[in-house]
Amino acid sequence: MSDALESVKALADGFATTFKHLFRKPITESYPEYKRPLPARSRARIELTRDPDGDERCVACYLCSAACPVSCISMQSAEREDGRRYARWFRINFGRCIYCGLCEEACPTSAIQLTPDFETCKRDPLSMVFEKEDLLVDGCGKDPDYNFYKYAGVATPVGGKGEHVNESKPVNVRSNMP
Ligand code: SF4
Ligand code: SF4
């Protein structure tokens with residue numbers, strides 16, 4: 001096909017598409033009166049959840065802040081009298097957050113979760129800084145049954161380390177020394 005013919009065909013295709021859309025019923029969604037429901041796993045405003053017992057899930061392990069590519073999470077760890085760790089304070093700067101979800105992926109306790117609520121924009125950049133009291137919610141979020149302390153570091157009657165089915169024996173790191 002010659003160049004001229006190809007150009008004419010491309011033009012005709014373009015006009016055909018335009019013509020087709022001329023007779024389509026327009027889809028108008030009046031935001032913010034109507035808010036389109038988003039999938040539960042949409043990534044927007046972040047919250048800190050609780051375990052099914054109502055305790056704070058966050059154990060202030062700093063993994064989320066280490067994983068965050070824009071360094072917008074900061075916290076300070078503390079310990080309860082029973083030895084359980086928690087975040088004395090926990091801060092997210094939503095002015096910098098890119099809602100990538102890496103913090104949620106990194107979290108071993110399922111504490112930090114992204115929600116579909118994307119309406120976090122504010123005129124004052126400082127009001128985009130959320131403290132722990134703004135982030136902590138009463139519910140369990142997406143993982144309602146998960147309780148980190150029921151699984152991690154718990155002795156089982158099945159056997160010690162390396163004695164479970166298909167489990168390797170613990171490595172003696174000292175045996176690797178020269
Ligand atoms: S969603 Fe991404 S950018 Fe936002 S706090 Fe988590 S890791 Fe950081
Ligand atoms: S939110 Fe999760 S990853 Fe971040 S400090 Fe708490 S327990 Fe660790």
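We go from the overall shape to the sheet, the core, the ligands and some backbone details.

Modeller: One caution before we start. This is a predicted model.

Biologist: Fine. How many helices and strands does the protein chain have?

Modeller: The protein chain has 5 helices and 5 strands. Read from the N terminus, the order is α-β-α-β-β-α-β-β-α-α. The radius of gyration is 26 Å, while the globule rule gives 16 Å for 178 residues, so the chain is more spread out than a compact globule. Its C-alpha atoms fill a box of roughly 75 × 45 × 35 Å along the principal axes.

Biologist: What share of the residues of the protein chain count as buried?

Modeller: Of the 178 residues, 13% count as buried. Buried here requires 20 or more other C-beta atoms within 10 Å. Contacts tell another part of the story. Take those with a separation of 6 or more: residues 24 or more positions apart account for 72% of them.

Biologist: How many bridges join β2 to β3?

Modeller: There are 7 bridges between these antiparallel strands. In one of the pairs, I73 stands opposite I92 in β3. The hairpin of β2 and β3 has 5 residues between the strands, and G83 takes a positive phi near 95° there.

Biologist: And which residues of β5 face β3?

Modeller: β3 covers residues 85-93 and pairs with β5 over 2 bridges, again in the antiparallel sense. N93 is opposite V129. I92 has F130 as its bridge partner in β5.

Biologist: How should I read a nonpolar core?

Modeller: In soluble globular proteins, nonpolar side chains tend to be buried together. Here the largest nonpolar core has 16 residues. L48, C58, C64, C103, C107, A111 and I112 touch the most other members. β1 (46-48), β3 and β4 each give two or more residues to this core. β3 gives the most, with 3 residues.

Biologist: Which residues does L48 touch, leaving out those up to four places away in sequence?

Modeller: L48 touches C58, F90, A111, I112, K132, L135, L136 and V137.

Biologist: On to the ligands. Which residues come nearest to ligand 1?

Modeller: Look at who is there, then at the classes. Ligand 1 has 13 residues around it, and C68, C97, C100, L102 and C103 come nearest. The shell has 12 nonpolar, 1 polar and no charged residues.

Biologist: Which residues are around ligand 2?

Modeller: They are C58, V59, A60, C61, Y62, L63, C64, A106, C107, T109, A111 and I112. By class, 11 are nonpolar, 1 is polar and none is charged.

Biologist: I also want to read a loop. Where does P116 lie?

Modeller: P116 is in the loop between β4 (112-114) and β5. P116 has 14 C-beta neighbours inside 10 Å, so it counts as partly exposed. Beyond four places in sequence, it touches L38, P39, A40, S42 and A44. P116 and S127 are 11 residues apart in sequence and 20 Å apart in space, C-alpha to C-alpha. D117 lies in the loop between β4 and β5 as well. D117 and A40 are 77 residues apart in sequence, with 9.8 Å between their C-alpha atoms. D117 is in contact with A44 and R45, leaving aside neighbours within four places.

Biologist: Last, what should I look for in the backbone angles?

Modeller: Most residues other than glycine have a negative phi, and most peptide bonds are trans. Now the exceptions. A cis peptide bond joins Y31 and P32, with omega about 10°. P32 lies in the loop between α1 (3-22) and β1. S71 has a positive phi, near 50°. S71 sits in the loop between α2 (63-67) and β2. With 10 C-beta neighbours inside 10 Å, S71 counts as exposed.

Biologist: Where is N166, and is N166 buried or exposed?

Modeller: N166 is in the segment after α5 (148-151). N166 is exposed, with 4 other C-beta atoms within 10 Å. Its phi is positive too, near 60°.

Terms used:
Residues numbered from 1 in each chain as written. Chains lettered and ligands numbered in written order. Predicted model: local features only at pLDDT ≥ 70, side-chain atom pairs only at ≥ 80, totals over all residues. Pairing = 2+ DSSP bridges. Helix = DSSP H or I, 4+ residues; strand = E, 2+ residues; numbered from the N terminus. Near = placed C-beta within 6 Å. Nonpolar A, V, L, I, M, F, W, Y, C, P; charged D, E, K, R; others polar. Buried ≥ 20, exposed ≤ 12 C-beta atoms within 10 Å, placed from the backbone. Contact = placed C-beta atoms within 7 Å. Rg over C-alpha atoms; globule rule 2.2 N^0.38 Å. Core = buried A, V, L, I, M, F, W, Y, C linked by C-beta atoms within 7 Å.
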